[in-house]
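Me: I am new to this structure and would like a close look at one part of it. Could you take me through the aromatic rings and the places around them?

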Amino acid sequence: MSLKTLQINFELFADKFSKSELIDIYKNILLPRLIEEKMLILLRQGRISKWFSGWGQEAISVGVAYGMDKDEYLLPMHRNLGLFTTRGIPLHRLFAQFQGKPLGFTKGRDRSFHFGSKEHKIVGMISHLGSQMGIADGIALGNKLKNHRKVVAVFTGDGGASEGDFHESVNVAAVWQLPVIFVIENNQWGLSTPSREQFRCEKFSDKGIGYGIHAETIDGNNILEVIDSIRYWKKKISEGEGPLLLECITFRMRGHEEASGTKYYPQGLQEEWSKKDPVLQYETFLQLEKILDEEQIFTIRKEIKTLINSELEIAFNAPDAEFDTLKELADVYAPFEYHETKPASDAKREMRLLDAISDALDKAMQKHPNLILMGQDIAEYGGVFKATEGLVAKYGKERVRNTPLCESAIIGAGLGLSIDGFKAMVEMQFADFVTEGFTQIVNNLAKIHYRWGQNADVVVRMPTGAGVAAGPFHSQSNESWFTHVPGLKVVYPAFPSDAKGLLLTAFEDPNPVMFFEHKALYRSVAEQVHEDYYTLPFGQARIVQEGNDLSIITYGLGVHWALEYARHNPFFSLEIVDLRTLIPLDTETIFRSVIKTGRALVLYEDTYTGAFGAEISSLISEHCFKWLDAPVMRVGSLDTPVPFNAKLEQGFLAKSRLGTAIEYLLRF
């Protein structure tokens, strides 16, 4: 065979590598190929349940990992086995992961490459393509703030690059000039959909000018070119040249996953690309250059196969997962041992709810130098409700950051900051807009500790609720969306003193906290609040009014509705329980109150059907039934969107039906 028969031009880059390095690269690209050969056999034998093939794409995974420093984060996807192996992850643990065994990285709770390893600086994907890119932004931001001159590399595919997360994350990286490489594995098919049905541009590097960043297209099957490009751009990016869009042209030789097959490929396409096989072509190049001969190649292959088999035996012999309820529940949240901080003095001043939030943010920024605030218009403008007004002057724009209009990427960046050792707060301009970041919250923030032990030290502030005639897109009570998701904590204060203490606890807690702040209460309720730093525990309700005839279980604006009704009807002995936090929920206080009064009314602003109040009602019925003198009642808002007209809104809200429900229960 002559050099002219090679389909990949390794010669252009070979002189940049020593002989020993060229051999080392061969061992690294061969390892994932031989592992895959073995895994395909095990898949047919039923010893693993699923396989996403990287056959023909190994040069990208191995090349990127090889070109990055060992202490730089990588965020891979389905077909990046070579990234894990090049990073030196023990093969027996990787194989155990494929089998769903505790010896793997997720204790059997997730599959294939859906895991991360803090030790190896890898953050695994979830099934929602593109959502890992915002996380990469956050890690890169952390590197930039630390001035570490480190770079992050995150992978996506040509199909995944159609997701909104792709645009959001690349744009954020461009605006903030983050040290991140966006690696696009253009294998020309999104499952069965060809590129011509995915995008119209000729190549992805054409997109660079639109984002104002560097972009380059390279041969993704040429491992030497991949390594050389990574090393070249990594140096430039670490020196402050901002992000890179790196398109790697390749081809997926096997199905999206093995069950889907490749019947949709045009005849002859696989055969044509097989001529550009990155492993065999590189092996041939080394032989032609007399760097390796057939005997040496045989020896290397034999050694790798022996290693694979021995590591597989360890994985096969490892114990299978055993279900343990307590262990499963214990891993939903990162450990947090609450220690109360009491005010250092008796100094108090009158604060509205908004003032208490602002003061808590200020105190938290002082207490936690690694806390970063992010949100739309939160810097000089102070946010639409002015909760962050003045903070940028005190702490600078590095820590108080205006963001582009992209909730998903920014929440993802909050998680990335947490992975990089920071604390993050993300302000939703309105709680309604959180839908744009839903995947990041319910699938990344909420599940990441349960999956592979990484905490998400992120607080998402949620200006929420109706009563201000703001219409259907600025008035929703959406706390119930999140109480349903294991892994999130949900806080909903009704008073300024609670808001301050609970928000400061939220910043101490290493878990993701959804912190709801009612817009109608921001400036309408005030009380004397300690000026010093103090915390309040999650999961402790407060009885704001004692009574004997009826327990009203409520939170947020509902607390004030109940208090107002009680003031106007002093002849009723009403006990009002302010939950303060929904997750964790203080069932002990709820049950004690209901057992005392014998009657329970659950009041909430959310629409009636499917709200968290229904869960509370169910718990009371299950645990307090024998003490009840009447059925448990719920009072929620109408099952309609929130209307704009003030009179229509008043009729919509649960408050309009509160009195009737109370009187019915007391007569029962």
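Reply: Here is a walk through the rings, the helices beside them and a few backbone details.

A word on the source comes before the tour: this is a predicted model, in which local features need pLDDT of at least 70 and side-chain atom pairs count only at pLDDT 80 or more, while totals for chains, interfaces and linings use all residues. Residues are numbered from 1 along each chain as its sequence is written, and side-chain values use heavy atoms, with hydrogens and water left out.

Let us start with the rings. A search of the whole structure gives 25 aromatic pairs. Here rings of Phe, Tyr and Trp (its six-membered ring) pair if their centres lie within 6.5 Å; planes under 30 degrees apart count as stacked, over 60 as edge-to-face and the rest as tilted. One of these pairs is Phe 385 with Phe 430: the ring centres are 5.3 Å apart and the planes stand at 70 degrees, so the pair is edge-to-face. Phe 385 lies in the loop between β9 (371-375) and α15 (391-395), and Phe 430 in the loop between β11 (423-427) and α17 (438-445), so the pair ties together parts that are 45 residues apart in sequence. Helices (H or I, at least four residues) and strands (E, at least two) are DSSP runs, numbered from the N terminus. Both Phe 385 and Phe 430 are buried, a word that means under 20% relative accessible area, with exposed over 50% and partly exposed in between (1.4 Å probe, protein chains only).

Now to a group of rings. Phe 84, Phe 95, Phe 98, Phe 105, Phe 113 and Phe 115 form one aromatic cluster. Over the face of Phe 105 lies Arg 93, at 3.9 Å from the ring centre. A charge sits over a ring if NZ of Lys or CZ of Arg is within 6 Å of the ring centre and within 35 degrees of the ring normal. Lys 489 likewise lies over the face of Tyr 333, at 5.3 Å from the ring centre.

Helix α2 (residues 19-45) packs against helix α5 (residues 91-98) at an angle of about 40 degrees, with the axes 13 Å apart; axes are lines fitted to C-alpha atoms, for helices over the stretch in contact, and angles run from 0 to 180 degrees between N-to-C directions. From α2, Leu 31, Ile 35 and Met 39 make the contact, and from α5, Leu 91, Phe 95 and Phe 98. Contact means heavy atoms within 4.5 Å. By class, this contact of α2 with α5 has 6 nonpolar, no polar and no charged residues; Ala, Val, Leu, Ile, Met, Phe, Trp, Tyr, Cys and Pro count as nonpolar, Asp, Glu, Lys and Arg as charged, and the others, Gly among them, as polar.

Most residues other than glycine have a negative phi. Lys 107, however, has a positive phi, near 60 degrees, and at 44% relative accessibility it counts as partly exposed. Lys 121 lies in the loop between α5 and α6 too; its phi is positive as well, near 55 degrees, and with 24% relative accessibility Lys 121 counts as partly exposed.

Finally, Ala 318 lies in the loop between α12 (294-317) and α13 (325-330). Ala 318 counts as buried at 12% relative accessibility. Not counting residues up to four places away in sequence, Ala 318 touches Lys 101 and Leu 103.
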